[in-house]
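Student: Could we go through this structure together, one question at a time?
Tutor: Gladly! Let's look at it first.

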Amino acid sequence: MTSSTPHSETTATGAPRAGGAAPLAGRTVSRVGYGAMQLERLRTDRAAAVALLRSAVELGVDHVDTAGFYGEGFVNDVVREAIRPDDGVLVVSKVGAAPDPGGRFRLRLAQRPEELRAGVEADLAGLGLEQLPLVNLRRAATGPGLRAEGDQAVDLDDQLAEMTALRDEGKIGRIGISNVGADELRRALPVGLACVQNAYSLVARDDEDMLRLCLSEGIAWVPYFPLGGALPGLPKVTDEPAVLAAARTLDRTPSQIGLAWLLRHATNILLIPGTADPAHLEANIAAGAIDLDAETLATLDAVPSRPMELSMD
């Protein structure tokens, strides 16, 4: 899953790079990747899940984002089956949560160092790898989602020490970080971050300073909720009049405009939109080829940013 590919405009399979090329974890990958979380929706049709992921690879995706707590292991199983060694796909995982089938959200926080290690071990087994090329540490002190309390409120330095130890042991290749504030990001820089995954979209740009810091440091910015609105109460990119107008003018969908804006906004932005629908997959990948002229970009840039604070407690 992790063999290097040439620094070219095609992937290891010969497909044009979706959205062009960009560096990630010492590799060159397509700027439009795939977030595998939605594959859980195909739990009752495993063949369809495998086929969808194969289609992504054939369309130029070579960056797949997964986690052991997605679908209680089902998603990693699909990734293991669908991705072949000669596909040259960079499979990125994350730790900081664990499956909780009987719980309210079907997952729980797993922030303690020993839990991070257990998550890495589980992903190694689930994905059938000897090393995870890139693992994101998913924090829970800020941002949308579950918040850490009690013994789950772990100091960042303790977590980074465990992640660094796992890297030194060869269990992981590179370290990323997710769901962090500016102070946490600066504290994490010395470990040599490969990427940052934060909630970010056209309508939620509070992290702009962090994005620019990552750009200057050569760190990839991989936004989750790239269209906003993934949870009730969050602003939606596809509701914005400027986005709707651009979609009509360019004969594209509002979602495609939102994704295309991200790719044009900063060169270190990499996308991992997720879907369980083949048509949506093709549309997401096609967004990488949309040309937004200066006037359209200026109009979209003027869309106001709104707070994206949402707790799932």
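Student: Is Arg108 buried or exposed, or in between?
Tutor: We judge this by relative accessible area: buried means under 20%, exposed over 50%, and partly exposed in between, using a 1.4 Å probe and protein chains only. Arg108 has a relative accessible area of 38%, so Arg108 is partly exposed.

Student: Before we go on, what kind of model is this, and how are residues numbered?
Tutor: This is a predicted model, in which local features need pLDDT of at least 70 and side-chain atom pairs count only at pLDDT 80 or more, while totals for chains, interfaces and linings use all residues. Residues are numbered from 1 along each chain as its sequence is written, and side-chain values use heavy atoms, with hydrogens and water left out.

Student: Which residue meets Arg54 in a salt bridge?
Tutor: Arg54 lies in helix 1 (residues 46-58), and the partner sits in the loop between helix 2 (74-82) and strand 5 (90-95), so the pair ties together parts that are 33 residues apart in sequence. Helices (H or I, at least four residues) and strands (E, at least two) are DSSP runs, numbered from the N terminus. Both residues of the pair are buried. At 2.5 Å from N to O, the partner is Asp87.

Student: How many salt bridges are there by this rule?
Tutor: One of them joins Arg187 and Asp155, at 3.3 Å from N to O. That pair links helix 5 (residues 182-188) to the loop between strand 8 (132-138) and helix 4 (156-168). By this rule, the count is 18.

Student: How many residues in the lining of the largest pocket are charged?
Tutor: Nonpolar means Ala, Val, Leu, Ile, Met, Phe, Trp, Tyr, Cys and Pro, charged means Asp, Glu, Lys and Arg, and the others, Gly among them, are polar. The lining has 22 nonpolar and 18 polar residues, and the charged ones number nine.

How values were computed. A salt bridge is a side-chain nitrogen of Lys or Arg within 4 Å of a carboxyl oxygen of Asp or Glu.
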